[in-house]
Amino acid sequence: MEEATEKTVPVDPSLKWLEDCLVGLDPIAPVQNAEQLRGLLGRVPSESRQLILVEVIKCDMAAAAEVGMRRGIDFYLSEFGDWLPEEQIPLDLVLEELQLRREAGEEPDLEEYRLRFPGLASTIGRFLAVGEATSQCAQRTPLPEFVLHQIVDDFQILGVLGQGAFARVYLARQESMHRLVALKASVHGSDEPQALSQLDHPNVVRVYDQRTCLSPALRLLYMQYVPGGTLAECIEYVRGIPVPHWSGQLIVDSVDRSLVSAGQIAPEGSPTRQALSTHDWPTAVAWIGVQLAEGLAYAHAHGVLHRDVKPANILLSTDGVPKLADFNVSFSGIAGRAGAAVNFGGSLAYMSPEQLRSADPTDPTAAEQLDNRSDLFSLGVVLWELYHGARPWKTEGAVLSWQAAVQAQLALRQAPLPNVPIENAVGRVLDRTLRRALSFSPDQRPKNGGELAGALRLALYPEVAERFDPPPRSLAQRLGSLPVHFLVVPLALLPNVAAAIFNYIYNASQFMLKYPEFWTQFERLSLIVNGVLFPIGVGLTLWRMQPVAAAVRKAAQAEPPDGLQVAATWNLGHAVAVISGSLWVFAGLLFPIVLFFINERFRWADAVQFFISLVVSGGVAITYPFFGLSLLSVLIYYPKLIRPIMSDPDFARIRDLILRRCRRYLALAAITPLLALALLVLQAESSRAVLLATIGTTALGLALSFWAYQTIDETARQLSAVLAPSHSLARARSE
């Protein structure tokens with residue numbers, strides 16, 4: 001794990017200055033002269049000055065447009081030419097002026113802009129044909145500050161939870177419902193209540209409704225109060241602790257710090273808190289990730305994208321359960337428009353590549369083109385930061401405009417992720433899953449939140465994680481890297497060869513004793529039958545093995561298998577056992593029939609005895625390949641196949657099926673030595689050594705079969721924890 005240090009993304013510290021400047025701009029916008037803005041920017045650090053100046057100009061132009069004033073960039077350059085030379089004017093500022101003119105009913109002339117901004121002439125043209133009539137800074141009025149115990153509509157103010165340039169969030173009591181709520185006060189409403197009131201999930205902050213307050217004129221959004229602080233506060237707290245001491249207890253400690261600040265009491269006897277506190281850090285991070293991925297999966301299934309997943313928008317309950325908040329359901333209109341930097345600048349470090357493109361005024365990607373995989377990328381950044389104490393990418397140097405900040409972040413997404421030493425299976429699972437979620441291409445990420453949750457859930461079960469991600473140079477890793485036929489053919493063939501050798505030795509001794517004159521015919525018949533049936537068996541085995549081999553090859557490329565390939569993997573042992581059993585039954589019937597025809601002295605008692613010997617041999621040839629190949633499939637191949645997606649809707653059904661088959665084959669394994677014992681009673685002294693050896697061997701085989709059944713049963717239960725999970729961390733530990 002890398003040290004928890006990071007060079008702050010340059011746009012981040014500028015945001016606080018920008019918020020302060022916009023708050024100061026409120027009472028004077030639109031300014032009478034540009035010189036008034038210099039007073040607002042006087043204390044801004046030089047490295048942030050140009051970015052903030054551009055954003056302040058955007059908002060002042062928008063405010064002027066609202067009162068019918070036409071104001072262009074030139075109005076401000078007369079005062080700020082030293083801070084913003086003409087050759088450094090960013091495209092997003094030009095587009096703000098262009099859009100405001102269009103919204104006022106004008107038709108901007110391309111030639112005019114080419115002459116005014118020759119350096120941007122090649123990119124301005126295509127934006128004259130498109131536009132958005134939105135501005136985050138339009139119609140802005142100062143937000144009133146509510147005081148303690150003030151009654152606002154149906155709410156009594158109890159304290160301040162947070163604030164920004166465009167909204168404040170208060171702890172309040174809703175008088176009519178007698179409940180605590182988080183009350184978000186803003187000048188403008190949004191689609192958030194209508195979109196989110198339908199969501200009811202333990203990992204999503206419940207939005208109750210929105211009200212209009214006429215005096216003062218505000219929109220009041222009230223939602224579930226979550227007192228455990230934000231994940232951003234948790235990450236900040238964890239960074240202050242030496243890395244060797246990181247564990248799930250730190251999440252509980254961070255929650256308790258927030259509860260004390262809020263005057264709340266930590267719950268006693270909470271199994272979730274107790275379990276979380278005893279987890280190592282990778283497992284605790286994975287659990288947080290599972291909860292958030294499931295919350296996103298639920299929201300996405302209801303047609304709602306979050307669009308702004310970051311630590312500050314993730315709240316923690318008193319039990320440490322994370323909840324998604326501040327869904328940015330109206331994300332369009334941020335491609336450089338006024339207010340984009342202050343509203344979304346803090347989100348840039350968590351945006352997916354396609355989301356960054358939609359925020360870049362030079363890119364045609366629209367916000368409507370984003371899908372759920374964009375949210376999963378953002379969640380990957382959040383979890384990486386929580387896991388390592390630092391974001392996956394770092395930037396250096398100042399950014400001079402919104403466009404430059406967006407493009408700098410987009411360039412970082414294409415850089416390789418840092419290599420981090422991993423010491424155990426849980427860490428390997430978490431690292432591999434996060435790297436996949438952070439893939440530049442959406443097609444290489446998990447398809448949905450459920451798939452991401454399944455991959456992260458694996459880290460909650462270290463023993464199961466070893467199944468899916470065996471240590472380097474371990475037996476499981478070595479077996480999984482071998483070509484499938486290198487293992488399947490020997491496991492299917494060797495028990496049949498051993499059974500055939502026993503059968504030949506035993507029946508040859510009987511023929512030599514009873515019918516020596518027919519020895520040549522018996523030997524020739526044995527050679528013909530075995531020479532035909534063995535190649536048929538090998539061919540059929542190779543045929544049934546092909547879907548498994550194809551799926552394993554796909555898994556090596558991180559490609560998911562199809563349902564038929566998964567079913568073929570589970571059924572491999574049974575399929576080979578059926579092939580072997582069918583051929584042995586055929587041989588068991590063929591031998592006595594042919595011997596009746598070539599030897600008139602051959603008796604029915606001889607035929608029964610011969611058939612029983614073939615049943616004993618067939619029992620060995622059926623049972624041992626079934627358990628051997630089923631072990632190989634369940635322990636090695638199935639985890640390898642399902643690893644890319646960590647999802648199998650048919651798992652429970654096929655798990656129950658293979659366990660039923662195991663019990664049946666175990667019964668067959670128990671019958672086999674009993675039949676060998678029956679032969680011992682019937683046979684002459686000369687055959688008893690062979691039969692005694694057979695009884696011992698089949699008894700050992702029964703013990704091994706029982707061990708194999710127990711191993712398959714235990715592995716199936718372990719897989720159930722991941723593929724058919726409980727949502728309780730406490731239960732995860734107890735299992």
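Is R473 buried or exposed? I looked it up: at 64% relative accessibility, R473 counts as exposed, where exposed means over 50% relative accessible area, buried under 20%, and partly exposed in between (1.4 Å probe, protein chains only).

**Ground rules.** I am working with a predicted model, so local features need pLDDT of at least 70 and side-chain atom pairs count only at pLDDT 80 or more, while totals for chains, interfaces and linings use all residues. Residues are numbered from 1 along each chain as its sequence is written, and side-chain values use heavy atoms, with hydrogens and water left out.

R473 has a positive phi of about 65° although it is not a glycine, and I found it in the loop between helix 19 and helix 20. H178 sits in the loop between strand 3 (167-174) and strand 4 (179-186) and is exposed, with a relative accessible area of 63%. I then noted a cis peptide bond between A29 and P30, with omega about -5°; P30 belongs to the loop between helix 1 (11-25) and helix 2 (35-41).

I traced six strands in an open, antiparallel sheet of order 1-2-3-4-6-5; two strands pair if DSSP finds at least two bridges between them. Strand 1 (151-152) and strand 5 (207-214) are at the edges with a single partner strand each, so one side of each has no neighbour in the sheet. Strand 5 pairs with strand 6 (residues 217-224) in the antiparallel sense over seven bridges, and Q210 stands opposite L221 in strand 6.

My search of the whole structure gave six cavities of 30 Å³ or more. On a 1 Å grid over the protein atoms alone, a cavity is a set of points where a 1.4 Å probe fits but cannot get out; a pocket is an open set with protein on both sides within 12 Å along at least five of seven lines; lining residues have an atom within 4 Å of a point. Points are joined across faces, edges and corners, and volume is the space filled by probe spheres set on them.

The largest cavity has a volume of about 360 Å³. Of its 24 lining residues, N496, L533, F534, L583 and W584 lie nearest its centre. Helix 22 gives the largest share of this lining, nine residues. I counted 17 nonpolar, seven polar and no charged residues there, taking Ala, Val, Leu, Ile, Met, Phe, Trp, Tyr, Cys and Pro as nonpolar, Asp, Glu, Lys and Arg as charged, and the others, Gly among them, as polar.

The second largest pocket holds about 680 Å³. Its lining divides into 12 nonpolar, five polar and 12 charged residues, with helix 17 (425-437) supplying the largest share, four.

**Cores.** A nonpolar core is a set of buried Ala, Val, Leu, Ile, Met, Phe, Trp, Tyr and Cys residues joined through side-chain atoms within 4.5 Å. The largest one has 103 residues, and W281 and F627 have the most contacts inside it. Helix 12 (residues 281-301) contributes the largest share of this core, 12 residues. Apart from it I found another core of 34 residues, among them L22, V44, V56 and Y76.

Conventions: Helix = DSSP H or I, 4+ residues; strand = E, 2+ residues; numbered from the N terminus.
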